[in-house]
Amino acid sequence: HAFELDPKKVAFDLLLSPKNTLGSSIKQLAQEKNALIAINGGFFTEKHQSIGLLMKDGKRVNQLHKTSWWSIFLIEKNIPKIVKPNKFAEKQSIQIAIQAGPRVVINGNIPKFKDQITNRTAVGINKKNKVIFLVTEGNGVLLKELGEIFRIKLLCQNAMALDGGSSTQAYAKIGKFHLDISGRTKVTNGLGVFRKVSKY
């Protein structure tokens, strides 16, 4: 399942499960915030504490994790980017940022992986500078296959995996369209898409 999203036309936000809980389903978080689309996000510990950078409205919610093969998806001034942790600069103009990984397409190239088949949640940026949310279900895919889907079918020059496997889940309700992919694990954070509120 893939959604093409224009940051100039829709709003993105972090979805965070309440602290000191054992996480939430993405369906729960989406319905609580009235999100149009929601997917699970970054990694977390067995005690359901988020691992890796999380930013919301220019403010850091969770610390950067210094793992070289991880990456950061961010939106700054309605422009989406995927950067390495050592290239990241914290700014108040960053609308959202989430750290996970690995990158599955880097400037049009698919790196080599130690790979396994599992369900995947991922985010990419296509040639029109639009954001692609992608979630798989069923038998799962290899990271290499995920990269090929992004590069060949979705025309993304850059893409990265979010937390996958048992965490993979998505929820969408847009008019009559409805999607509900439930994961086997409750999660601590996710990405939500909302209607943009007009400013007068």
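Tutor: One term to start: a residue is buried when its relative accessible area is under 20%, exposed when over 50%, and partly exposed in between, using a 1.4 Å probe and protein chains only. Also, this is a predicted model, where local features need pLDDT of at least 70, side-chain atom pairs count only at pLDDT 80 or more, and totals for chains, interfaces and linings use all residues. Residues are numbered from 1 along each chain as its sequence is written, and side-chain values use heavy atoms, leaving out hydrogens and water.

Student: OK, so how many residues of strand β12 are buried?
Tutor: Five of the six in β12 (residues 156–161), so the rest of the structure largely encloses this strand. Strands here are DSSP runs of E with at least two residues, helices are H or I runs of at least four, and both are numbered from the N terminus.

Student: And which strand does β12 join through five bridges?
Tutor: That's β10 (residues 121–126), running antiparallel to β12. Within that pairing, Val 123 sits opposite Met 160. β12 also pairs with β9 (residues 103–105) over two bridges, again antiparallel; strands count as paired if DSSP finds at least two bridges between them.

Student: Switching topic: what's the strand order in the open sheet of five strands?
Tutor: It goes β2-β15-β3-β13-β14, with antiparallel pairing. β2 (10–16) and β14 (177–181) are at the edges with a single partner strand each, so one side of each has no neighbour in the sheet.

Student: Which residues have the most contacts inside the largest nonpolar core?
Tutor: Leu 5, Phe 12, Phe 73, Phe 133 and Leu 191, in a core of 30 residues. A nonpolar core is a set of buried Ala, Val, Leu, Ile, Met, Phe, Trp, Tyr and Cys residues joined through side-chain atoms within 4.5 Å. Apart from that one lies another core of 12 residues, including Val 105 and Cys 156.

Student: Why is the pair of Trp 69 and Trp 70 edge-to-face?
Tutor: Their planes stand at 85°, with the ring centres 6.0 Å apart, so the pair gets that label. Trp 70 itself is buried, with a relative accessible area of 8%.

Notes. Phe/Tyr/Trp six-rings, centres within 6.5 Å; stacked < 30°, edge-to-face > 60°.
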